[in-house]
Amino acid sequence: LSPAALEDLRAGLRREYEALRSEKLTLDMTRGKPAPEQLDLAAAMLALPGNRDTTAEDGTDARNYGNLQGLPETRALFSSLMGAPPGQIVVANNSSLALMHDTLVYALLKGLPGGRGPWSKEEPIAFLCPVPGYDRHFALCEGFGIRMIPVAMTGAGPDMDAVERAVADPAVKGIWCVPQYSNPSGETYGADTVRRLAAMRAAAPDFRIFWDNAYAVHHLTAERPALPNILDACAEAGHPDRPIVFASTSKVTLAGAGLALWASSLDNLRWYLTQAGRRSIGPDKLNQLRHVRFLRDDAGIAAHMERHRDLIAPKFAAVAEAFAARLSGLEVARWSNPKGGYFVTLEVQDGTARRVVALAKEAGIALTPAGATHPYGRDPHDRTLRIAPTFPSLAEVRKAAEAVALCTLLAACETGPA
Ligand code: PMP
């Protein structure tokens with residue numbers, strides 16, 4: 001645009017923005033939380049298992065202590081979701097993030113099978129962090145002083161050339177992976193990515209893949225991605241202890257009262273249960289029975305997830321429509337159209353992400369802070385934003401997405417061409 005045309009555009013957008021501000025909105029698009037209607041889908045579960053139904057298949061009294069690994073029927077229920085036989089699964093309490101935390105802490109304090117001792121006694125260690133990624137993974141590393149090495153995502157998972165180069169350093173002990181409908185890009189790892197992760201030569205003998213399959217059954221379309229089984233791939237490549245799989249029912253049943261899931265090789269499982277057995281006498285097995293009675297089997301899980309899809313797919317569509325209507329063809333932004341998961345990634349013009357968040361905040365719309373998708377909160381291009389459309393109502397999501405698009409345009413106009 002000519003300087004005069006740009007000035008006109010800027011003035012017009014400013015007027016629109018002032019009008020938006022005068023609406024005094026309060027909208028929250030910060031976290032990937034299920035909406036109340038999604039939680040209502042599990043309302044019937046809260047009446048289960050009932051007073052007289054507290055005995056598990058193996059005779060365990062679910063009201064009492066014990067059964068650290070979780071009930072056999074609960075482990076069987078999640079066997080295909082986890083891609084592991086029930087014997088290699090642990091069903092724990094309500095947070096998979098807590099299991100990731102504990103696994104990391106046990107590795108730091110005790111060391112892992114195949115390793116040379118506690119990670120905390122080695123040279124400062126490092127983790128590979130595909131970016132954009134999940135801020136809470138990065139917070140765990142930062143909290144424990146684990147150096148983070150960003151690796152770019154490609155559309156089919158992390159840049160494997162960079163990963164293979166990095167793991168030649170024995171200080172690199174692990175990688176965070178959200179392999180399906182990744183948080184926040186929405187991409188799913190390709191077969192070749194999984195094969196290379198399984199087969200690559202890692203200099204650290206106790207290198208681990210933290211395979212956080214948080215969105216394993218969280219589809220937004222009729223498509224089903226063909227994500228290869230990481231446990232099988234690693235076992236076939238001669239690295240059976242490399243992957244640890246995490247998932248939960250936080251976004252299947254109840255986000256504060258679901259079940260957290262852990263799966264790995266039998267050696268890792270024995271190691272984990274030894275540590276976890278000191279931490280707790282056993283998990284809440286009533287909640288496990290409740291989930292088994294409610295979800296029943298794979299078909300029950302799939303049917304339940306369809307009801308979630310009915311509620312949230314229109315919200316993702318509203319975001320896509322609002323962004324397309326306002327931002328298409330202008331070369332000031334790109335955004336993902338995820339086929340599952342909980343997030344949309346919006347890439348704004350370089351150097352404007354913080355400004356977009358500030359403009360949105362002034363207009364009453366809370367966005368995840370710019371930079372949160374990167375280790376140490378540092379997005380070197382200041383361009384990646386994570387949009388979480390599930391929690392607000394459909395009308396609010398539409399309004400917020402239109403407002404974010406306006407802020408994106410305004411920030412780009414203020415700055416001028418990249
Ligand atoms: N992993 C990922 C990738 C997530 O997006 C989330 C939730 N935002 C979690 C883990 C947290 O899971 P949980 O509720 O089981 O702790």
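**Exercise 1. Which strands does helix α5 lie across, and at what angle does α5 run to β7?**

Start with the ground rules. This is a predicted model: local features need pLDDT of at least 70, side-chain atom pairs count only at pLDDT 80 or more, and totals for chains, interfaces and linings use all residues. Residues are numbered from 1 along each chain as its sequence is written.

Step 1. Locate the elements: helices (H or I, at least four residues) and strands (E, at least two) are DSSP runs, numbered from the N terminus.

Step 2. Helix α5 spans residues 96–110 and lies across β2, β6, β7 and β8 (260–263). Contact requires C-beta atoms, placed from the backbone, within 7 Å.

Step 3. Read the angle: α5 runs at about 155° to β7. Axes are lines fitted to C-alpha atoms, for helices over the stretch in contact, and angles run from 0 to 180 degrees between N-to-C directions.

**Exercise 2. Give the strand order of the open sheet and find its edges.**

Step 1. The 7 strands follow the order β2-β8-β7-β6-β5-β3-β4, with mixed pairing. Two strands pair if DSSP finds at least two bridges between them.

Step 2. β2 (89–92) and β4 (147–152) each have a single partner strand, so one side of each has no neighbour in the sheet.

Step 3. From one strand to the next, the twist averages 20°.

Step 4. Look at one pair. Strands β6 (residues 208–212) and β7 (residues 243–248) run parallel and are joined by 4 bridges. Phenylalanine 210 stands opposite isoleucine 244 in β7.

**Exercise 3. Describe how α13 packs on α14.**

Step 1. Two packed helices are described by the angle between their axes and the distance between the axes.

Step 2. For α13 (residues 353–362) and α14 (residues 394–415), the angle is about 130° and the axes are 9 Å apart.

Step 3. Classify. Angles under 35 degrees count as roughly parallel, over 145 as roughly antiparallel, 65 to 115 as roughly perpendicular and the rest as oblique. α13 and α14 are therefore oblique to each other.

Step 4. List the contact. Arg355, Val356, Leu359 and Ala360 in α13 meet residues of α14, including Ala403, Cys407 and Leu410. The contact residues divide into 8 nonpolar, 1 polar and 1 charged. Here Ala, Val, Leu, Ile, Met, Phe, Trp, Tyr, Cys and Pro count as nonpolar, Asp, Glu, Lys and Arg as charged, and the others, Gly among them, as polar.

Note on methods: Contact = placed C-beta atoms within 7 Å.
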